[in-house]
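Colleague: I am new to reading models of this kind, and I would like to go through one slowly with you. Could you show it to me, and then let me ask about it part by part?

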Amino acid sequence: MDFKDRLLKKPWPYWMGGIILGFLNIFLLFGTGAAWKITTSFLYLGIGFLNKLGINTGSWYYFKTYGTGLGEGETYFNNGLMIMAIAMILGSLISVLLASEFRFKKIKDRKQLIFALLGGIIMGYGTRLSFGCNIGAYFSAIPSLSLHGWVFGIFMFVGAWIGSKILFRYML
Amino acid sequence: MAKHELDCMFEACPIPLLKALKKLNTMEIGEILIMRTDHNCSIVNVVEWAKKQGHYIDYIELGEGQWEIYIEKAK
Amino acid sequence: MKSSRIEELKRQRQTEIQPKKSQLPYLFFPVLAFFALYYYFFNTDKTYSIIWIVGILIGITMQRSRFCFVASFRDPIMIGNTSLFRAVIIGLIIATVGFGIFQYKAVGNIPNYSIDDIPGQIFPVGLNTIIGALLFGIGMVIAGGCASGTLIRIGEGHIMQVVVLLGFVIGTTLGAGHFGFWEKLFIFSSKTIYMPQYMGFLPAVTVQLAVLGILYLLAGWYDKKNNIMKL
């Protein structure tokens with residue numbers, strides 16, 4: 001298998017992904033002053049939508065106390081985190097097209113749909129309590145030398161164990 | 001020697017791997033499992049797992065984003 | 001490992017299927033979008049252009065290496081496989097060094113620095129972290145993906161992950177709405193623990209690297225131990 005195939009078509013080894021992601025996170029921190037984080041962009045989508053409906057989310061305790069995190073000139077739909085999210089999707093798309101593996105994968109059945117929605121809601125809710133997701137409260141928090149990253153990691157593991165038990169019971 | 005087929009199309013992570021494990025458990029040594037999946041994790045995690053267990057495994061690409069994995073139970 | 005019967009099956013199948021259609025032509029629009037937006041960001045706010053490039057590279061890397069945080073926790077439990085878990089540790093080790101340097105450069109010479117001045121993800125830890133992490137862990141296995149994985153799968157064409165994203169939007173919004181309630185209940189008592197404040201920069205980085213290193217070795221030993229079928 002020639003080098004071009006190895007680079008572009010075959011999956012890269014996990015450890016290579018780990019190394020690259022570690023360096024990319026450093027590069028992001030050095031270049032922008034902020035580490036990699038994701039879920040707040042999902043919050044912005046929701047809040048932006050509510051604001052369009054006329055609901056004043058600025059009066060919520062959450063935003064009154066912690067602010068919105070938006071920089072100058074940024075809006076809920078137009079900000080650095082949204083750019084990161086779109087970039088990740090586009091990057092994944094480019095990668096999968098290079099290997100000609102793109103495929104519209106339909107939802108299999110109603111059970112799958114419910115689990116997907118429920119899982120997303122539970123995850124989203126959890127991120128607000130712990131101030132981040134698997135990236136913001138773990139992959140970026142541990143290198144930031146904040147204890148909450150370790151605690152999040154340990155209990156994310158416990159939660160994954162519980163979730164696996166649920167999955168076994170209902171999905172298999 | 002028996003051939004078993006497993007269709008894992010449209011399944012979410014980690015269902016293809018789990019179904020493969022379950023099926024292989026019920027098979028005899030020498031039997032072959034043919035598994036179809038459109039989950040790209042599978043060609044890495046199923047392959048890695050099977051190799052670790054000592055089974056023979058290989059796969060081909062059926063089309064864009066679809067694979068067929070062959071596992072011969074060896075232990 | 002090769003088996004002659006598998007080889008035979010493969011050969012036969014190859015004759016039956018049609019050659020794969022190359023999707024390279026479809027790259028035109030995504031790549032165009034990449035360059036166009038990069039040019040736009042570069043001329044409006046350079047920070048955005050950095051985020052854009054890093055994000056694209058993250059997307060490519062995670063998709064190509066099938067990187068999955070869910071699997072990094074799930075595989076050790078389900079199949080005794082820690083290769084992904086160890087890959088995450090490697091990423092953490094590298095980032096710890098880089099982040100430590102950057103943080104030291106930012107506040108290391110300021111005697112009474114405030115936590116708010118430190119770059120990075122530093123937040124209160126307490127019962128809120130535990131509950132939030134449990135919820136996240138349960139949710140990510142049920143949904144078949146975490147926050148990063150969901151975005152990557154959307155890029156691959158998986159419709160289900162769009163539903164997961166919708167769930168995320170609903171969940172985070174609800175969580176923000178209820179935050180006042182949880183804050184009064186227990187978040188107020190959570191403390192932010194920034195480790196260098198308790199032991200200095202170099203010791204904190206060294207200890208963390210040592211712990212990560214030990215975890216890496218333990219995970220490797222655990223993986224080898226599970227070479228025999230274990231369910």
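Colleague: Which helix of chain C has the highest confidence, and which has the lowest?

Modeller: This is a predicted model, and chain C averages a pLDDT of 92, with 97% of its residues scoring at least 70. For the complex, the predictor gives a pTM of 0.94 and an ipTM of 0.95. Within chain C, the lowest confidence falls in helix α1 (residues 4-16), at a mean of 86, while the highest, at 97, belongs to α3(C).

Colleague: How are α5(A) and α3(C) oriented to each other: parallel, antiparallel, perpendicular or oblique?

Modeller: Two packed helices are described by the angle between their axes and the distance between the axes. Here the axes of helix α5 (residues 80-98) of chain A and helix α3 (residues 46-64) of chain C come within 6 Å and cross at roughly 40°. Angles under 35 degrees count as roughly parallel and those from 65 to 115 as roughly perpendicular, and the two helices, which make a right-handed crossing, are therefore oblique.

Colleague: Which element gives the most residues to the side of chain A that touches chain C?

Modeller: In this contact, 109 residues of chain A meet 110 residues of chain C. By class, the side that belongs to chain A has 73 nonpolar, 31 polar and five charged residues. Several helices of chain A each supply at least two residues to this side, among them α3 (39-52), α6 (110-130) and α8 (147-171), but the one that gives the most, with 19 residues, is α2(A).

Colleague: How many charged residues are on the side of chain B that touches chain C?

Modeller: The contact between these two chains takes 27 residues from chain B and 29 residues from chain C. On the side of chain B, the elements that give two or more residues are α1 (15-26), α2 (42-53), β3 (56-63) and β4 (66-72). When the residues of that side are divided by class, 13 are nonpolar, five are polar and the charged ones number nine.

Colleague: Which strands stand at the edges of the sheet in chain B, and why is one side of each left without a neighbour?

Modeller: The four strands of chain B form an open sheet with mixed pairing, in the order β1-β2-β4-β3. Each edge strand has a single partner strand, so one side of it is left without a neighbour in the sheet, and these strands are β1 (3-8) and β3.

Colleague: Which residue of β4(B) is the bridge partner of Ile57(B), and which residue of β4(B) stands opposite Leu33(B)?

Modeller: β3(B) and β4(B) run antiparallel and are joined by seven bridges, while strand β2 (residues 32-37) of chain B pairs with β4(B) in the antiparallel sense over six bridges. Ile57(B) has its bridge partner in β4(B) at Ile71(B), and the residue of β4(B) that stands opposite Leu33(B) is likewise Ile71(B).

Colleague: Which residue of the loop between α5 and α6 of chain A has a positive phi although it is not glycine, and which two residues does a cis peptide bond join in chain B?

Modeller: Most residues other than glycine have a negative phi, and most peptide bonds are trans. In the loop between α5 and α6 of chain A lies Ser100(A), whose phi is near 50°. In chain B, the loop between β1 and α1 holds Pro14(B), and the cis bond, with an omega of about -5°, joins Cys13(B) and Pro14(B).

Definitions and conventions
Residues numbered from 1 in each chain as written. Chains lettered and ligands numbered in written order. Predicted model: local features only at pLDDT ≥ 70, side-chain atom pairs only at ≥ 80, totals over all residues. Axes fitted to C-alpha atoms, helices over the stretch in contact; angles between N-to-C directions. Parallel < 35°, antiparallel > 145°, perpendicular 65-115°, else oblique. Left-handed = near helix turned anticlockwise from the far one by under 90°. Contact = placed C-beta atoms within 7 Å. Nonpolar A, V, L, I, M, F, W, Y, C, P; charged D, E, K, R; others polar. Pairing = 2+ DSSP bridges. pLDDT = per-residue confidence, 0-100.
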